[in-house]
Amino acid sequence: MTIQLPHGPYEPRTTPLDLAPSGAPLASRTVFSAAHVVADPYADISPDDPVAVDWDATLAFRRHLWSHGLGVAEAMDTAQRGMGLDWAGAAELIRRSAAEAKSVGGRIACGVGTDQLTGPATLPEVRAAYEEQLALVEGSGAQAILMASRALAAAANGPEDYLETYAHLLRQATEPVVLHWLGPMFDPALEGYWGSSDLDAATDTFLKVISEHPDKVDGIKISLLDAEREIDVRRRLPSGVRCYTGDDFNYPELIAGDDRGFSHALLGIFDPLGPLAAHAVRVLDTGDVEGFRALLDPTVELSRHLFKAPTRFYKTGVVFLAWLAGHQEHFTMVGGLQSARSLPHLAKAYELADGLGLFPDPELAEARMRALLTVHGGNR
């Protein structure tokens, strides 16, 4: 039956894509999905209280990703680090997810930041905060992802402060880490990261960190939504250092690559796209680039919609689609972030995701979409 969405009538599809889980690892690319957390909707908390997480549903979603052969990037931006999830919650998430990964043989890497600092901090305090989180992640048995730090961005006086801080941390790391450059479109507090608002100068500093410690850097994740810059950086990396695309606008072409290389992936959009993304990479594993692009290119419209400005609120669309897909029983987010996108925005996300066949049960997704419309004043 036709459903009347805010932008017009839509005829939902009746059959999903056949994307049965295959736990076999992907061969040609290393692919991480940055996974969201599931809130506990029945927790009697106020906005000033620590967030309440539904741990069973949160871990079940990670098992869903692992079942398709994807890695999980834990406690990242997609998990609302700094937007509802504080360090205490993130630390518990890391411990629980790392233990779950070990129990099922899943690959996991976890974000290391400085978000236990709640006010202005000195550079030594920033380093100490990073060290505390690095010790927890490595102690849990997970790979570390050194995330960009708001506190470092505020405390640093120039490129040298970044070079010294990261050199110190890389010497501390026991295993090679992933360096993450998150752009200000995801977090405005990170403007001028690496000591300059000039992206060319910032890129030079970023690459200098890597070139001075190549044995301690497994790879880099670039989240600037700038394909040409990512390709340029990718080509300038030392041998053996991977590039993990974080570009939710241009990921098919970056993962497919060219005759001079390719990007692996660490993407928030692979939370809702997990099964389809894994299937597409398995096609790429056979050498079929055209088949890979035919599967993944049509998903870009949905990704660009979810990540449209203000980009940092993409998490709302990600959790909304998880609810429609049946991965959780409610559309509630930590910090009340379910209110961060409009009904027309969410309705368009539903239409695009349904058109791609992403919902395992299209009838359930339609019923939940209708329920949301009713809550907002009726299915007009």
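**Group meeting: the barrel and the helices around it**

Strand β9 (residues 242-245) and strand β10 (residues 264-267) run parallel and are joined by 2 bridges. Helices here (H or I, at least four residues) and strands (E, at least two) are DSSP runs, numbered from the N terminus. Two strands pair if DSSP finds at least two bridges between them.

Some ground rules. This is a predicted model, where local features need pLDDT of at least 70, side-chain atom pairs count only at pLDDT 80 or more, and totals for chains, interfaces and linings use all residues. Residues are numbered from 1 along each chain as its sequence is written, and side-chain values use heavy atoms, with hydrogens and water left out.

Now the barrel. It is closed by 8 strands, in the order β3-β4-β5-β6-β7-β8-β9-β10, with parallel pairing. On average, neighbouring strands of this sheet are turned by 25 degrees against each other, direction ignored. For angles, axes are lines fitted to C-alpha atoms, for helices over the stretch in contact, and the range is 0 to 180 degrees between N-to-C directions.

Helix α1 (residues 55-67) packs on the sheet. It touches β3 (31-34), β4 (71-74) and β5 (108-112). Its direction makes about 145 degrees with that of β4. Touching, or contact, means heavy atoms within 4.5 Å.

Move to β7 (177-182) and β8 (217-223). Helix α6 (residues 199-212) lies across both, at about 170 degrees to β7. β7 and β8 run parallel, joined by 6 bridges. Leu-182 stands opposite Ser-223 in β8. How many residues of β8 are buried? The count is 7 of the 7, so β8 is largely enclosed by the rest of the structure. Buried means under 20% relative accessible area, exposed over 50%, partly exposed in between, with a 1.4 Å probe and protein chains only.

Is Tyr-244 buried or exposed? Tyr-244 is buried, at a relative accessible area of 0%. Leaving aside neighbours within four places in sequence, its contacts include Thr-30, Phe-32, Arg-107, Val-178 and Asp-218. His-264 is also among them.

Next, a helix pair. The axes of α3 (residues 123-139) and α5 (residues 159-172) come within 10 Å and cross at roughly 30 degrees. That makes α3 roughly parallel to α5. The cut-offs: under 35 degrees is roughly parallel, over 145 roughly antiparallel, 65 to 115 roughly perpendicular, and the rest oblique.

Which residues meet? From α3: Leu-123, Arg-127, Tyr-130, Glu-131, Leu-134 and Glu-138. From α5: Asp-161, Thr-165, Tyr-166, His-168, Leu-169 and Gln-172. By class, this contact has 5 nonpolar, 3 polar and 4 charged residues. Ala, Val, Leu, Ile, Met, Phe, Trp, Tyr, Cys and Pro count as nonpolar, Asp, Glu, Lys and Arg as charged, and the others, Gly among them, as polar.

Two more residues. Glu-100 lies in helix α2 (residues 87-104). Glu-100 is buried, at 17% relative accessible area. Apart from neighbours within four places in sequence, Glu-100 contacts Leu-59, Arg-63 and Trp-66.

Last, Pro-272. Its place is the loop between β10 and α9 (274-285). At 15% relative accessibility, Pro-272 counts as buried. Not counting residues up to four places away in sequence, Pro-272 touches Leu-306, Val-318, Leu-321 and Leu-358.
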